[in-house]
Amino acid sequence: MPEMPEVETVRRTLRPLVVGKTIDHVDIWYDKVITGDPETFKRELKGKTFTAVDRYAKFLLFRLGDLTVVSHLRMEGKYHLTTWDAPVDKHEHLQFAFTDGSSLRYADVRKFGRLQLVETGTEFQVTGLKNLGVEANSPEFSLDYFEKGLKKRSMNIKSLLMSQTLVAGLGNIYVDEVLWQSQINPLTPANELTKDQVKCLHSAINETIEEATKYGGTTVHSFLNAEGESGHYQEKLKVYGKEGQPCPRCGEDFVKIKISGRGTTYCLHCQKRV
C-alpha cells in the first residue's frame, strides 16, 4: 500500500498535470470506486476546475473550489494522464475528461481504492480523515505530543504505528524501518518505551519520511507516480523484505513474524525487549 512518501510523490507529479484544467464530464466504469452516489459525483463535478492537489497522510485531496475529491489509493490505485478517446483498460475505473481533450484516469487492479466527493472544509468530519492522528514530519507531530500519546496506549508499538491513530502516514515498510533504526522491539507496549527510545523513534520517523519522499517513495511491488515512474527508496531499505539476511548493524540474521496480521521483519539482537 502506498504510504505517505509515495502519496506525496503522486501529489507532486499530479499537480502540474491537472491544476487549471476544467472537467467536461466524468466517466465511471466501476461504480464501487465511488463512496456515495456515482451519479451525484458526475453531476456535481461537471464544469468544475482543479485548483490544487493537496494531501493528508495517505489521502489525496483534489480541490475544485467549494468541492473536494478525497482519494485513497489503498493497495494498487494509480492516476495517469491520457485522452478522452484512448482505449479503456480493464483496470481503469474512472476518468475526469477535461475540456482540452485530455483526461485523468484512475486505475486499480485490486479495486480497493475509493474516491469521495465532499464540501471543501468538511473532509475531516465526513471522510476517513476524521480517524487519523497528526501527520508524521509535521509541526503538530512534536516530541511532547508523541510522548504523551504513547503513555496513554498499551498496545504494541508496531500495531499502534500501523493504526494511524496517533501519527498518520506510515505503513508496514516504514514502520519496520523506523523501529530497526531506533532499536525497538516491535512487540514492546507503547507505554513501556523509555524517554530515549521515544526521542530516537520520533527522529527516525521524521527523517525516514523526509528521505523516502526525496527519493520518490518505495517501489516494492507496483507503485508508480503520476508520470509512470518508480520510486527509488527501496534501494535504501535496511530491514523490510530482508528476512534471513544479515542485519547491517550487528550481523545477526533478520527474522520475520506476524503482528496483527502483518509481516514484521526485525533483528533479535539489536531489537531486544528492554
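A polar contact is here a pair of N or O atoms within 3.5 Å; within protein, one must be able to donate a hydrogen and the other to accept it, and residues adjacent in sequence count only if both atoms are side-chain atoms. The side chain of Glu3 makes such an approach to the backbone nitrogen of Ile173, at 3.1 Å. This is a predicted model, in which local features need pLDDT of at least 70 and side-chain atom pairs count only at pLDDT 80 or more, while totals for chains, interfaces and linings use all residues. Residues are numbered from 1 along each chain as its sequence is written, and side-chain values use heavy atoms, with hydrogens and water left out.

Glu3 belongs to a set of annotated positions. In an unreviewed UniProt entry, the annotation "active site" covers Pro2, Glu3, Lys58 and Arg262; UniProt positions follow the numbering used here, feature names are shortened, and annotations may be inferred rather than shown by experiment. Glu3 sits in the segment before H1; helices (H or I, at least four residues) and strands (E, at least two) are DSSP runs, numbered from the N terminus. Glu3 is buried because its relative accessible area is 3%, where buried means under 20%, exposed over 50% and partly exposed in between (1.4 Å probe, protein chains only). Contact means heavy atoms within 4.5 Å. Not counting residues up to four places away in sequence, Glu3 touches Lys58 and the residues Gly169, Leu170, Gly171, Asn172, Ile173 and Tyr174.

Pro2 is also placed in the segment before H1, and with a relative accessible area of 9% Pro2 is buried. Leaving aside neighbours within four places in sequence, Pro2 is in contact with Val7, Lys58, Leu73, Arg74 and Met75.

The next element is an open sheet of 5 strands, in the order E2-E9-E5-E4-E3 and with mixed pairing. Its edge strands are E2 (34-35) and E3 (52-56), each of which pairs on one side only; two strands pair if DSSP finds at least two bridges between them. E3 and E4 (residues 59-64) are antiparallel, with 5 bridges. They form a hairpin with 2 residues between them, and Ala57 in the turn has a positive phi of about 55 degrees. Tyr56 stands opposite Phe59 in E4. Helix H1 (residues 4-18) packs on the sheet and touches E3 and E4, its direction making about 175 degrees with that of E3. Axes are lines fitted to C-alpha atoms, for helices over the stretch in contact, and angles run from 0 to 180 degrees between N-to-C directions. Helix H2 (residues 38-45) lies across E2, E4, E5 (67-72) and E9 (114-119), at about 55 degrees to E9.

UniProt lists residues 238-272 as "domain: FPG-type" in an unreviewed entry. This span is 0% helix and 29% strand, and its end C-alpha atoms lie 17 Å apart.

The structure holds 0 disulfides, a disulfide being a pair of cysteine sulfur atoms within 2.5 Å. For Cys250, the nearest cysteine sulfur is that of Cys267, 3.5 Å away. Cys250 counts as partly exposed because its relative accessibility is 30%. For Cys270, the nearest cysteine sulfur is that of Cys250, 3.6 Å away. Cys270 counts as buried, at 9% relative accessibility.
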